[in-house]
Amino acid sequence: MAEWICRTLRDGGLEGEHAPALIIKDTIRCPLSSFVFDHVLSQLSSFILSNKSQSKGIVLVALSRSPLYYQQFLKSKGYDVVDSPCWIKALDCYSDPLGWKSKLVESGSILNRDPGSSFTSSLCKNVRDLDNLFSSIIEIGKELAGDGKGRFVVAIDSVSEMLRHTTVSSVAALLSNLRSHDQVCCLFWLLHSDLHETRATAALEYMSSMQASVEPMALPANGQIGNSMNLSLMEQNYRRGKFCVRVKRRNGRVRMMFEELCVEISGVKFAPVSSEDNVISQSLVPKVQFNLQLSEKELNDRAKVVLPFEHQDNGKTTQIYDGRKSLNEDETEIHEKVNSSGKGEIIYFRDSDDEMPDSDEDPDDDLDI
Amino acid sequence: MFDEMRIVKIYIHMAAIRPRSSSFSRSTSVASNAVPGLKHGPNGTMFLSSGIQDLDKILGGGFTLGSLVMVMEDPEAPHHMLLLRNFMSQGLVHHQPLIYASPAKDPRGFLGTLPSVMVSKDDKSRAHESEQEKGLRIAWQYKKYFGEQNSDSQRDGKSEYCCDFDLRKPLERHFFTGKHIDCITLKDSADLTTFHDRCSSFLSQTPRTDGNVIGGRIAIQSLCSPQCEFSDKEWDMLSFVRSLKSLVRLSNSVAIITFPPSLVSPAFSKRLQHLADTLVSVKAIPDEDKELAKLLTGYQDMVGLLSMHKVARINTQVLNVSSDLTSSLK
């Protein structure tokens, strides 16, 4: 499913539609979303370099990891970002997000040792000003894509970092502006959902068209960390996870897909869900305290029940119990009681034998009108 | 866009609608209604159409003039846009004044997505129906139900109360000319005061006491959308909706507001829901869900679920339609 997501991002949106937007979420229990982010980035890079995509470049807004990390990562994947013609540029919001370093340099307290590189297009000194950030992104994107119809991809590393400095509404405004911009082909960003209030996460999910979340495969029992089994489970959660994707389709339906995620030295691997970890599909049958389903044995027993007033085709006349015990029945009953002590029986003694069970008389006949 | 859908049809899955007609029914003939976009309702109210025939039936005739309709969105599905599109198109076809507000930069662009009136194949369907009737031998006591259907299909497309809309074709341009359409963006407003003033001046054009009733429409999309600066000022939004409700009640218009309830705190969501006269919610359905396919017939064509929570009760204590219904959108 990860391939499907990357292809959807590559294809972009239709004319007049907003660009597809992917949100990659995780929690501390399984913090593998940065690997997913890197994977999506490398996939899109390969599409762009092999000319399979309509977008001409990627603008990477680096907030939580240095652009140098990305340079090395892409190099390890075989994409040279420094020497070859540029198709990717990073907006460095990591080195000096609030402009403190440049103030110190200006006042002469420290020396500026940063050599800069062609990969890093520009340094953002004020992450709080999102309007400025928006215009810088668009500027870099236009450089990469060329003017006119060229489109580019925007990748935001860690919107969580952005939310540290600004409000949810300004971040949401930035994302919606990017999505509605003509030249943006697609957009994806990273979010650590347990760092923020549910409303903030909900607002950012609202702005996206696809949600990919990384969840732990195995939850530690009882929340006790000291237990050795739980420790190994937790370690496992740092290497493997469940990758759940929710896609908002154009016709208004929501598609959910699941995969297994495994982090190895070479990168991230996605595999279809193994049969052990079954997908718990949402059942619409309400959860009640009594059992609505029948087990196999119960189904068999139900089929065996002899229904009254139904011919059983076995020659015997059906005996309809009318509440009055005859002498014969009495004897057989005593026998049965001795033989089958395990079965439950309802023994009912009628109050009196005077009452006629099946009376053809109309009870209203007694009335004298 | 909805390339698979043509008309929005709403199918009712729960108990069938049986309009409870009292034994004293006013004999208002349809022909005496001069204004095409409006219809007389019970208890001295007037209705205007929502643009979807099945929804009008569920509501008991349409949206009551002077009521505030709130639609609870599902953040994962755009069905509220469908309701808004039909609502706005119906208003434009009937030349009713319209205000549309949305958090988008260019709300006028949304007008381009409004559906056009379906070209009615009236003659064909009528001939077919009469043929069918000859084959059917209907008991005399049931003929009274067929009488209603016949009178509906005999109307001309233009003067129909509720039109069928073809979602694949955009609305003809000539409906957009005229000064009675206003599009406002809520994006860059720090608060709702300017919009409030626009609404109140719009609503003063269609006051209750006016003899010549036209019926105005206000459509506000995604009020609590996170892009707007005022989205975290919940009390401001609440007081805006409250005063809009009171303004609408004094006028001959209908205001429809869609909002995503998951993006406001639960207390405010409840308050907004209580403010509504008519409350509807739309919900997405999961794709390729085998369990749902077993439970619901027609699952393949369904795109979403529509639930009716409240229906406007103006001048009455008793509703003649049942509320708490869930229907599916196709």
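Contact here means that heavy atoms lie within 4.5 Å, and helices are DSSP runs (H or I, at least four residues), as strands are (E, at least two), numbered from the N terminus. In these terms, B:F195, B:H196, B:C199, B:S200 and B:L203 in α6(B) meet B:F240, B:S243, B:L244, B:L247 and B:V248 in α7(B). The model is a predicted one, in which local features need pLDDT of at least 70 and side-chain atom pairs count only at pLDDT 80 or more, while totals for chains, interfaces and linings use all residues. Residues are numbered from 1 along each chain as its sequence is written, chains are lettered from A in the order in which they are written, and side-chain values use heavy atoms, with hydrogens and water left out.

**Helix packing in chain B**
- Helix α6 (residues 193-203) and helix α7 (residues 234-249) of chain B pack at an angle of about 5°, with axes 10 Å apart, the axes being lines fitted to C-alpha atoms over the stretch in contact and the angles running from 0 to 180 degrees between N-to-C directions.
- That angle makes α6(B) roughly parallel to α7(B), a term for angles under 35 degrees.

**Helix packing in chain A**
- In chain A, helix α7 (residues 168-180) and helix α8 (residues 198-207) pack at an angle of about 10°, and their axes are 10 Å apart.
- This makes α7(A) roughly parallel to α8(A).
- Residues A:V168, A:V171, A:A172, A:L175, A:S176 and A:R179 of α7(A) meet A:A200, A:A203, A:L204 and A:M207 of α8(A).

**Interface between the chains**
- The contact between the chains takes 26 residues from chain A and 39 residues from chain B.
- About 2600 Å² is buried between chain A and chain B, and carbon and sulfur atoms give 49% of this area, which is the accessible area (1.4 Å probe) that two parts lose on being put together, summed over both.
- On the chain A side, A:R199, A:Y206 and A:R253 lose the most area to chain B, together 30% of what that side buries.

Note on methods
Angles under 35 degrees count as roughly parallel, over 145 as roughly antiparallel, 65 to 115 as roughly perpendicular and the rest as oblique.
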